[in-house]
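Subject: Handover of a structure

Dear colleague,

Please find below the structure I am handing over to you.

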Protein chains: 2
Amino acid sequence: MTAEIITIGDEILIGQTVDTNSTFIAKEFNKIGLAVNRISSISDNKTDILDKLYNSINYSDIVLVTGGLGPTNDDITKNTILEFFDDILITDKNVLSKIKYLWKKFIKQPLLQVNIDQSLVPSKATIFVNKKGSAPGMWLTKNNTTFIFLPGVPFEMKHIMKDYVLPKIIKEFNLPTILHKTILTYGLGESSIAERITDWENNLPNNLNLAYLPSLGRVKLRISTKGNDFDLLNGIVNSYVDTLLPLINDIFVGFEEDNSIQELIANNLIKSKLTLSVAESCSGGKISDDLVSIPGASKYFNGSIICYSTKSKIDVLGVNPEIILTESVVSSKVVEDMALKVKKIFKSDYGLATTGNAGPSKGDSEKEIGTVYIGISTPHETYSYKYSFGNSRERVTRKTVNKSFELLLKELLKN
Amino acid sequence: MTAEIITIGDEILIGQTVDTNSTFIAKEFNKIGLAVNRISSISDNKTDILDKLYNSINYSDIVLVTGGLGPTNDDITKNTILEFFDDILITDKNVLSKIKYLWKKFIKQPLLQVNIDQSLVPSKATIFVNKKGSAPGMWLTKNNTTFIFLPGVPFEMKHIMKDYVLPKIIKEFNLPTILHKTILTYGLGESSIAERITDWENNLPNNLNLAYLPSLGRVKLRISTKGNDFDLLNGIVNSYVDTLLPLINDIFVGFEEDNSIQELIANNLIKSKLTLSVAESCSGGKISDDLVSIPGASKYFNGSIICYSTKSKIDVLGVNPEIILTESVVSSKVVEDMALKVKKIFKSDYGLATTGNAGPSKGDSEKEIGTVYIGISTPHETYSYKYSFGNSRERVTRKTVNKSFELLLKELLKN
């Protein structure tokens, strides 16, 4: 069984929108044992859509298409479906009553004919009523290939996927288990890791695949396999992981299954009933945002001060202005004072702080662009490290966030 | 002239990585007049890569491929290229000396044979030396189709694109101008906008395309056209925009050319020499992060307090605990006090504040999940609005951020 994902919409082809829908769908398909062999983005153009659909019949067992189902003139997917499946439109009463309900209860704008027309669906389709919008999901088959059409608005697509599409695929097809285990490492390049684990990698059986995923100071090692028996597969993967870990114990920081490094930090702090607060300068709120994105953050995250200006480091955070004068605002003494002060202000157990020059121009410090200090204040000590993260603003801030989480997790794992 | 983008790598097909490379490339191609007709992600698998390359010969004039050029065993793009172009590997001395330099100066880890082997390139290729990594870019042709291969690490890919690929495409091909103008609206659904501007839309000439891009409380209207004379095209688009604006003046907030709403806010504040600070609860740092992502934010953004816990709203921000007791921490009085206090603490002209229940469980307030208050404190007054943003945590925070920027921009535009 293979699947492919097609997104329809010029906004992706002109670079206006990032295709996060396909990422979500691919991940969900993988979880239920459905391998995605191709993801494509094509134009809101009848010929392109038809070409792609005909091409997919021979390529995939399941074809999931998102986008182009809106009520405006630029959305042409539904009419194209009619031609492809040689079908006609009929009114779906459930969809129509849901649209009337949504408009009355939430939208509170006039119900127009184009909104009512969203309840017209191909007569051959199995229909999934959209509880969060007007365009329903549709399931059709042609020459033994299953075609699923979903609206492109992410939260509508996600709801229909989870409530209808995934359960129906599991029910109708006999799917294998796909297993991925991802190991997070920090501090060594991919080629050096590869050299170090050559013997281990050469001994991997054919049905275990190893991938190296390098990204800004960290390398993920992903082991993947596929089969019918989850427990058996899991046992095999774990036995190879057990022999790998001693080879990389200096750079290993944890597993990413569905766990990101923020989740590992969150779990650790919640388990130890400890709290954290953050003083962010060059990272500008990204660390806090990443922490808060995990439900339950209030259990360990007390809050942050984004002290972007030098003045606010003094006025709001209470950093000693003399240190700033003598050492520069981008310095180890300042970042350590920031970590200490933010810990005290929020009455937390741990304080984390960043200060640096992200560029493109130098701010209130003469330190070279890309220079970043990260400070950690624990219940027992306060320390910091200096980094040179290059001259791209975006990269400097992302690297600062990654490295901050790495340092913090390493500190927490000491206990 | 048409172009397509291919990304190679299982990490996209299993949903582990979002394909932001294609978004960047598509945007840059559009700027130089090169229309992208298809974006595909395929597996690190020789058969799939070859199938795709052969298919692309008949489909596109320029094929840009990223990924699969790393030094580890899972990267097989280079060997596949050799087969496709019937070529052999030779050492490129410039690439080799750049690798030696990078390893000595920045990487500071042993230079391994696999790193040296990155200087082996197809003999028929034009080579672009990678200044930020070991895998060079490569430009080859087959049957009049140009194939460009770039590393998948985003900052390496971006550097080779900007320094070599885009200038070479401009030099070698005679490209038209592609023009997009995007109008930002807030507060009305896409179908209601479409009904209101029906006559205007029906009068658009055939070579002007209109697209509706709805997203969490806002709708973007994008007008696109293509031709040879930039000034002529720009004049035509602007004349249609001029007749559109009076029809949507109540929902129009600005243009997004390369300008996001944060940039419109930044430009407005910088021009008026006014400053802003933010108190974020349920938005958890996202507003600050979006503000700081724009270079020059220090000119108007003084900083923020992320007061995620009720305790920190009192201890750090100084919100009156009596208001919290009598009104609940999610209330108009609290958010207004937050906006006022953060304005005073940072000595800013404007204060912006958010408080709400993002879910999935209720926090320190009994207010329904999805309830959000946004407060604004100006030099003259402090006010707030209440919203119901549904029950998805991610959507609630994103809508809070969007709505906050909308309210702030509307406030700034009053002057």
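Leaving aside its neighbours within four places in sequence, with which residues is Gly285(B) in contact? In this predicted model, the contacts within chain B are Glu280(B) and Ile306(B). From chain A, the contacts of Gly285(B) are Gly285(A), Ser288(A), Asp289(A), Val292(A) and Ser304(A).

Gly285(B) is placed in the loop that lies between strand E13 (276-280) and helix H12 (286-292) of chain B. Gly285(B) counts as buried because it has 30 C-beta neighbours inside 10 Å, where 20 or more are required. By contrast, a separation of 39 Å lies between the C-alpha atoms of Gly285(B) and Val129(B), which are 156 residues apart along the chain.

Turning to the interface, 75 residues of chain B are in contact with 75 residues of chain A. On the side of chain B that touches chain A, strand E2 (residues 35-42) of chain B gives the most, with seven residues. That side comprises 34 nonpolar, 28 polar and 13 charged residues. Strand E14 (residues 301-306) of chain A and strand E14 (residues 301-306) of chain B run antiparallel and are joined by three bridges. Within this pairing, Ile305(A) has Ile305(B) as its bridge partner.

As for chain A itself, there are 16 helices and 17 strands. Its C-alpha trace spans about 75 × 60 × 40 Å along the principal axes, and 48% of the 415 residues of chain A count as buried. Of the contacts in chain A between residues at least 6 apart in sequence, 67% join residues at least 24 apart.

Yours sincerely

Terms used
Residues numbered from 1 in each chain as written. Chains lettered and ligands numbered in written order. Predicted model: local features only at pLDDT ≥ 70, side-chain atom pairs only at ≥ 80, totals over all residues. Contact = placed C-beta atoms within 7 Å. Helix = DSSP H or I, 4+ residues; strand = E, 2+ residues; numbered from the N terminus. Nonpolar A, V, L, I, M, F, W, Y, C, P; charged D, E, K, R; others polar. Pairing = 2+ DSSP bridges. Buried ≥ 20, exposed ≤ 12 C-beta atoms within 10 Å, placed from the backbone.
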